[in-house]
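Here is a friendly tour of one protein model. Have a look at the sequence and the structure first, and then read on.

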Amino acid sequence: ARVSTGVRARVLILFTTTSISHSSEWRLHHLLHLSHLFSSSSHSLSALCNATQCPMEALRRAALPSLPLPRLSDLSPPPSPSLCPPLQHCKPLLPLIRASVAPHQSVTKSYRIVVLPGDGIGPEIASVAVDVLRLVGSQGGIQFEFTEMPVGGVAIDAVGSPLPPETLAACKASDAVLLACIGGYKWDTNEPHLKPERGLLELRSGLCAFANLRPAVVFEQLAEVSTLKREILEGVDIMVVRELTGGIYFGKPKGFGTNNKGERIGFNTEVYSVPEVDRIAHVAFQIARSRHGKLCSIDKANVLEASQLWRERVTAIAAGYPDIELSHMYVDNASMQLLRNPKQFDTIVTNNIFGDILSDEAAMLTGSIGMLPSASIGESGPGVFEPVHGSAPDIAGQDMANPLAMVLSAAMLLRYGLDEIDAAECVQQAVLEALRKGFRTRDIFSPGQKLVGCRQMGEEVLKSLESMKPAAALG
């Protein structure tokens, strides 16, 4: 007997109508993911009974290929609520802004994608990425159900919250989240809890997406755009693994006060626990193993106690990865070495604030921050896929934005979020082909190239994708 959609429906009914404990709710959440996995495939009921993969096995297989996968009977109790808030009982959602299904041919798989356009240039670049996903899906028998929800400044204006509960609930119920960008001058003077960026932090925390993957790859077509010399840049391929839900951005106490001199002060706390460091270290070692076997851990252990704990734990975890070459570097030296000799780095692991800064620096190796995608993933549940750049409110609505980081984020969604490796490769190749033809947005333009806007750059990527034969392109 095959696992039909009726099985999934019964799980959903139980999940949404039964008052259950935190532990039971957590297990049902995992069962929901498993039932979705098998109801959309040709796996048999016996395959479900013998499943050895966790609910996000596709993601873990792609991102962490050698990490042992637990049996259902071995799944541990839910993480501490302080690290990963329990799922809330389902509530009726506000009317969705827009929901649509991509066109398809011989659909064999279906995925629910929540799209968060956000602020500034977000709606422009999100539209391009959705079009690309529609096309690559139609070529490979993949159906996407896109649901658009508010986040950031537009959500503050609409409902008074940078992350409405309905948005977070929709994200939790999805297979992956595609986020454009948030923020803008309009909200800069808001109270801290009403700043757009707060919504992003709450989204990552709410989805337990503690690991941020930020690749910095120098495309041959764009080597001349960078301010560094070609001989320094050629061959640069770095993966920055950034811890995302701890450190100074989340540490407490924080706030404002008065010191013993009566002077007003602001303060934040950089704090990490052993489990937080251990889990990001495991991710980084696995990523390094899937690449070239080199991992550099970046800290400030000569000054900060939190960094001393970080180095101690990363060193301890390294004992379980004898095939990985581990090195340590202080963050100030690392910021210099990224510009002096970037090819010395393969995989980097670092804390939240250092990763935030260094990944932006690495962006300039590629010629523009408009070229860098990212993925934020956890141990289970949907990941968040977003470009590294900001909302660029100064060019919003002028068709000047570079959509390629957003498109490449969609490729990471396919690769790390859905395990659709062939489709991800197609999208990446389509981007490279558009660049090879000489099309450039303003941020990566150089004399002799073809200057285009956001819409046309998206159209050129689609043309390149359309030129690929589906059978060859998608295996």
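What follows is a short walk through a few strands, helices and backbone angles.

Do keep in mind that this is a predicted model, in which local features need pLDDT of at least 70 and side-chain atom pairs count only at pLDDT 80 or more, while totals for chains, interfaces and linings use all residues. Residues are numbered from 1 along each chain as its sequence is written, and side-chain values use heavy atoms, with hydrogens and water left out.

**Strands around E13**

Helices (H or I, at least four residues) and strands (E, at least two) are DSSP runs, numbered from the N terminus. Two strands pair if DSSP finds at least two bridges between them. Strand E13 pairs with strand E12 (residues 373-377) in the antiparallel sense, over 4 bridges. These two strands form a hairpin with 6 residues between them, and Gly381 in the turn has a positive phi of about 85 degrees. Strand E4 (residues 176-181) runs parallel to E13 and is joined to it by 2 bridges.

Which residues meet Val384 of E13? Ser376 stands opposite Val384, and Val177 has Val384 as its bridge partner.

In a regular strand the side chains alternate between the two faces of the sheet. In E13, Val384 and Glu386 point one way, Phe385 and Pro387 point the other way, and all are buried. Buried means under 20% relative accessible area, exposed means over 50%, and partly exposed is in between (1.4 Å probe, protein chains only).

How far apart are the end C-alpha atoms of helix H5 (residues 122-140)? They are 27 Å apart, which agrees with the 27 Å that its 19 residues should span at 1.5 Å a residue; the expected span is 1.5 Å times one less than the number of residues. H5 is mostly covered, with 14 of its 19 residues buried. Just after H5, Gly141 takes a positive phi of about 70 degrees.

Arg415 sits in helix H14 (residues 404-417). Arg415 is buried, at 17% relative accessible area, and its side chain makes a polar contact (a pair of N or O atoms within 3.5 Å, one able to donate a hydrogen and the other to accept it; residues adjacent in sequence count only if both atoms are side-chain atoms) with the side chain of Glu425, at 2.7 Å.

**Backbone angles to look up**

Most residues other than glycine have a negative phi, and most peptide bonds are trans.

| Residue | Phi | Relative accessible area |
|---|---|---|
| Cys208 | near 55 degrees | 16%, buried |
| Ala392 | near 45 degrees | 24%, partly exposed |

Cys208 lies in the loop between helix H8 (196-206) and strand E5 (211-217). A cis peptide bond joins Lys252 and Pro253, with omega about 10 degrees.
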